[in-house]
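Open the model in your viewer and keep the selection tool ready. The tour moves from stop to stop.

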Amino acid sequence: MNAAAIREKWNRIYRDWNGPFPAAATVLSENAHLLPLAGGQALDLACGLGGNAVFLARRGFEVDAVDISEAGIHALGNIARKEALAIQARVADVTEIHWPAERYDVIVVSRFLERALAPAIVGALKPGGLLFYQTFVETKSSLSGPSNPRFLLRDNELVRLFGGLLIRYYRDETRTGNPNAGQRDEAFLIAQRPFS
Ligand SMILES: C[S@@+](CC[C@H](N)C(=O)[O-])C[C@H]1O[C@@H](n2cnc3c(N)ncnc32)[C@H](O)[C@@H]1O
């Protein structure tokens, strides 16, 4: 699928959206105690409707939110204006953007996988900055998420992709034990850029 087709697919989904405003990703909401107390600069990458961006902005972060879908960014812009949240929501193909060096205290990526971006994500974190990442695994037990293996994580893949960072949290239960309990569809990583 090319960029135009991806954009159109997600525009359609977000224009037809009549569910509740999406909650922040579990990796972020369940580990919010790890966020810097002073707030700072944050990035919600491939933000969709912006559940992570809104979560962070409500906690005092200044958030850049980027997505290829105009419909998603438009909806997020409306919420940001209504609540006077510090969110800069912009339409862009994240495989084409210029990545600033050492800009962000926090970067969140949920349900999006573009492996080639890993070095740019690491480079955009400030020393001590945190990456919260959550997306689908190839061993997922439900039908939710993509079926194309290109967009599914292999065992320990987030750890390998972000091996230059300090791992603060990692969860990938794959099919061990009772597959009907726990978190079986996604892997969860929180990693920190070393201070020096
Ligand atoms: C499964 S949604 C996840 C949205 C959001 N992160 C969340 O967890 O709710 C995947 C998102 O990636 C966006 N996306 C896909 N390819 C992209 C690209 N090349 N650049 C920017 N956004 C992209 C889509 O528009 C869509 O909003």
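**Stop 1: Asn-178.** This is a predicted model. Select Asn-178 first. Is the residue buried, partly exposed or exposed? Its relative accessibility is 43%, so Asn-178 counts as partly exposed. The band for that class runs between 20% and 50%.

Now show the secondary structure. Asn-178 belongs to the loop that links β6 (166-171) and β7 (186-192). The side chain of Asn-178 makes a 2.8 Å approach to the backbone nitrogen of Asn-180.

Next, draw a distance from Asn-178 to Leu-45. Their C-alpha atoms are 33 Å apart. Along the chain, 133 residues separate the two.

**Stop 2: Asp-105.** Select Asp-105. This residue is part of strand β4, which covers residues 104-110. Asp-105 has 17% relative accessibility, and because buried means under 20%, it counts as buried.

**Stop 3: the ligand.** Select the ligand and display the pockets. Which pocket holds the ligand? It is the largest pocket.

How many residues surround the ligand? There are 15, and the closest are Tyr-14, Ala-46, Asp-67, Val-94 and Ser-110. Color the shell by class: 9 residues are nonpolar, 3 are polar and 3 are charged. Then color by element. Helix α1 (residues 3-15) supplies the largest share of the shell, with 3 residues.

- Tyr-14: an N or O atom of its side chain is 2.6 Å from an oxygen atom of the ligand.
- Ala-46: a backbone N or O atom is 2.8 Å from a nitrogen atom of the ligand.
- Val-94: a backbone N or O atom is 2.9 Å from a nitrogen atom of the ligand.

How much of the ligand does the protein bury? Taken alone, the ligand exposes 600 Å², and the protein buries 85% of that.

How values were computed:
Residues numbered from 1 in each chain as written. Predicted model: local features only at pLDDT ≥ 70, side-chain atom pairs only at ≥ 80, totals over all residues. Heavy atoms only, no water. Near = heavy atom within 4 Å. Polar contact = N/O pair within 3.5 Å; in protein donor to acceptor, adjacent residues only side chain to side chain. Areas by Shrake-Rupley, 256 points an atom, 1.4 Å probe, with all protein chains shown as cover. 1 Å grid on protein atoms, 1.4 Å probe; cavity = no way out; pocket = protein on both sides within 12 Å on 5 of 7 lines; lining within 4 Å. Sits in = over half its atoms within 2 Å of the grid points. Helix = DSSP H or I, 4+ residues; strand = E, 2+ residues; numbered from the N terminus. Nonpolar A, V, L, I, M, F, W, Y, C, P; charged D, E, K, R; others polar. Buried < 20%, exposed > 50% of the residue type's maximum accessible area, 1.4 Å probe, protein only.
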